[in-house]
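Below are my notes for a colleague who wants to go through the charged pairs of this model. Please read them with the structure open.

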Amino acid sequence: MSRRRVRLGVGVLSAGLLLAGCSGGGGDGTAKPTGSGSTGSKSPAASGDTRSGPTPSPSATGLDFTPDPGRAPKTRAEALRLARAVAATPARWGPGFVRRSPYESDPALRPVLDRDCVWQLKPLPATVLATLTRYSELPAEDGKGPIRVAAVVTVHRTVKDADWEMAGTLEEALRCPDQQLRQGERITGLGSLGSEFGLMGNLTAEDMLAEGGKYYSDELGGPYHYYWSQSRVGQVTVAAVGKGSKGRSADDVNTALVQGKSAMVSRVESELEAPE
């Protein structure tokens, strides 16, 4: 497990460096919508439109684990149990992190990016069994603002459905480089970057993507660091989201994201792995 975590950290950081060059924005960012749920937009597969969006890549082989089809969730109850087991708790992000209120999203809803680039909560599509978001933060102290993070776990019905979500998420930054997360929160200059297993340091997941931009808050000000990193393992996607604030560097935020996301990927693998 420790080896997986080290490798994931390298992958997240290398993708982040490349993303900074691609997005053209300063390294200020945090997380995807703090509404609830996964990446947001309805996938082409779910809508029946196979013309829009890139064709999802086939599942990679070569991961350091062997999935057991018998352990794959098949019902909403099984999927929600898995999501609760995987979603990072405050301790997973690092010392000093605590729960935010609300701590968990409504598992029956997820955010969807509308045509006006505003995130709206919508019921789960048929392609998703369950989704769960947990919110944590490193509280403000010594003149520094908080670091706010979110752990997002989405369990899809099939691997293909999860693959389409990854493809659709990459499109969102191209379609909407400026987005309203919720009332009083927005991100600008958003850029995204994806990598399959074996590319750009991604050695732990079949697919990985990262998004970065500048975060503005009516409460905290801005611009601050905003970063979103998501991975797919089989039918499950996990994402770590971070938002900076006054006195918090991009490295401060990204260090927490590396820890939180690596713990989630490892837990997904342990939940789905075939016994040796």
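**Notes on surface, fold and salt bridges**

1. The protein exposes about 11600 Å², of which carbon and sulfur atoms supply 53%; accessible areas here come from the Shrake-Rupley method with a 1.4 Å probe, and for residues only the protein chains shown count as cover. Of the 276 residues of the protein, 53% count as buried, where buried means under 20% relative accessible area, exposed over 50%, and partly exposed in between (1.4 Å probe, protein chains only).

2. On provenance, this is a predicted model, in which local features need pLDDT of at least 70 and side-chain atom pairs count only at pLDDT 80 or more, whereas totals for chains, interfaces and linings use all residues. Residues are numbered from 1 along each chain as its sequence is written, and side-chain values use heavy atoms, with hydrogens and water left out.

3. The protein has 6 helices and 10 strands, taken as DSSP runs numbered from the N terminus (helices H or I, at least four residues; strands E, at least two). Among contacts with a separation of 6 or more, 72% come from residues 24 or more positions apart, a contact being heavy atoms within 4.5 Å.

4. The structure holds 10 salt bridges, each defined as a side-chain nitrogen of Lys or Arg within 4 Å of a carboxyl oxygen of Asp or Glu. One of them pairs the side chains of Arg148 and Glu219 at 3.1 Å, N to O. Because Arg148 lies in strand β5 (residues 147-156) and Glu219 in the loop between β8 (207-217) and β9 (221-233), this pair ties together parts that are 71 residues apart in sequence. Arg148 is buried, with a relative accessible area of 13%, while Glu219 is exposed at 57%.

5. A salt bridge also joins the side chains of Asp163 and Arg232 (3.6 Å, N to O). This pair links distant parts of the chain, with Asp163 in helix α5 (residues 159-175) and Arg232 in strand β9, 69 residues apart. Both Asp163 and Arg232 are buried.

6. Within helix α6 (residues 250-272), Arg267 and Glu271 lie 4 residues apart, about one turn of the helix, and they form a salt bridge whose closest N and O atoms are 3.1 Å apart. Arg267 is partly exposed, with a relative accessible area of 33%, whereas Glu271 is buried at 12%.
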